[in-house]
Amino acid sequence: MMIDVSGSMSNIVQFAADKASIFAECVKDPANNFRWGLFEATGRELPLPEEFVQDAFRTILYKIKGGGGTDITALYEPARAFGADVDVIISDGEHNGDMKGTLEA
């Protein structure tokens with residue numbers, strides 16, 4: 001799960017915690033099959049919560065402050081390295097990075 005925390009996404013933290021916990025509940029063995037992170041101009045992977053419940057996700061996101069540009073591909077390579085075959089992206093779609101070559105098949 002890739003969460004946009006760019007300047008245009010100022011109210012994303014609560015929404016992201018809610019959706020991440022719901023999504024993780026749907027993933028078989030989330031400790032091994034779920035990863036998440038934040039992106040703006042760069043990406044940052046987040047630690048997994050001790051429990052896959054809303055409050056645990058909120059705790060990790062508690063002091064997150066957004067800002068900067070939006071490179072929607074910032075976590076694409078780490079996701080591929082992890083072996084993800086599904087990407088869930090929470091964003092307003094205001095991407096301003098360079099996507100050339102990133103999403104080529």
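The model is predicted, so local features need pLDDT of at least 70 and side-chain atom pairs count only at pLDDT 80 or more, while totals for chains, interfaces and linings use all residues. Residues are numbered from 1 along each chain as its sequence is written, and side-chain values use heavy atoms, with hydrogens and water left out.

**Aromatic rings**

A pair of aromatic rings is described by the distance of the centres and the angle of the planes. Here, rings of Phe, Tyr and Trp (its six-membered ring) pair if their centres lie within 6.5 Å; planes under 30 degrees apart count as stacked, over 60 as edge-to-face and the rest as tilted. The count by this rule is five aromatic pairs. Two of them share F34, and the table gives their geometry.

| Pair | Centre to centre | Between the planes | Type |
|---|---|---|---|
| F34 and F52 | 6.4 Å | 90° | edge-to-face |
| F34 and F57 | 6.0 Å | 85° | edge-to-face |

Both pairs link distant parts of the chain. Helices (H or I, at least four residues) and strands (E, at least two) are DSSP runs, numbered from the N terminus. F57 belongs to helix 3 and is 23 residues apart from F34.

F34 is buried at 2%, F52 is buried at 18%, and F57 is buried at 0%. Together with F23 and W36, these residues form one aromatic cluster.

D4 lies in strand 1 (residues 2-4). D4 is buried yet has no salt bridge, meaning a side-chain nitrogen of Lys or Arg within 4 Å of a carboxyl oxygen of Asp or Glu. The nearest side chain of opposite charge is R44, 12 Å away; Lys and Arg count as positive and Asp and Glu as negative, with His and the chain ends not counted.

What does the side chain of D4 make a polar contact with? Its partners include the side chains of S6 at 2.7 Å and S91 at 2.8 Å. A polar contact is a pair of N or O atoms within 3.5 Å; within protein, one must be able to donate a hydrogen and the other to accept it, and residues adjacent in sequence count only if both atoms are side-chain atoms.

Q54 lies in helix 3 and is partly exposed, with a relative accessible area of 29%. A polar contact of 2.5 Å joins its side chain to that of D18.

D29, in the loop between helix 1 (12-26) and helix 2, has a positive phi near 55° although this residue is not glycine. D29 is partly exposed at 38%.

Key
Buried < 20%, exposed > 50% of the residue type's maximum accessible area, 1.4 Å probe, protein only.
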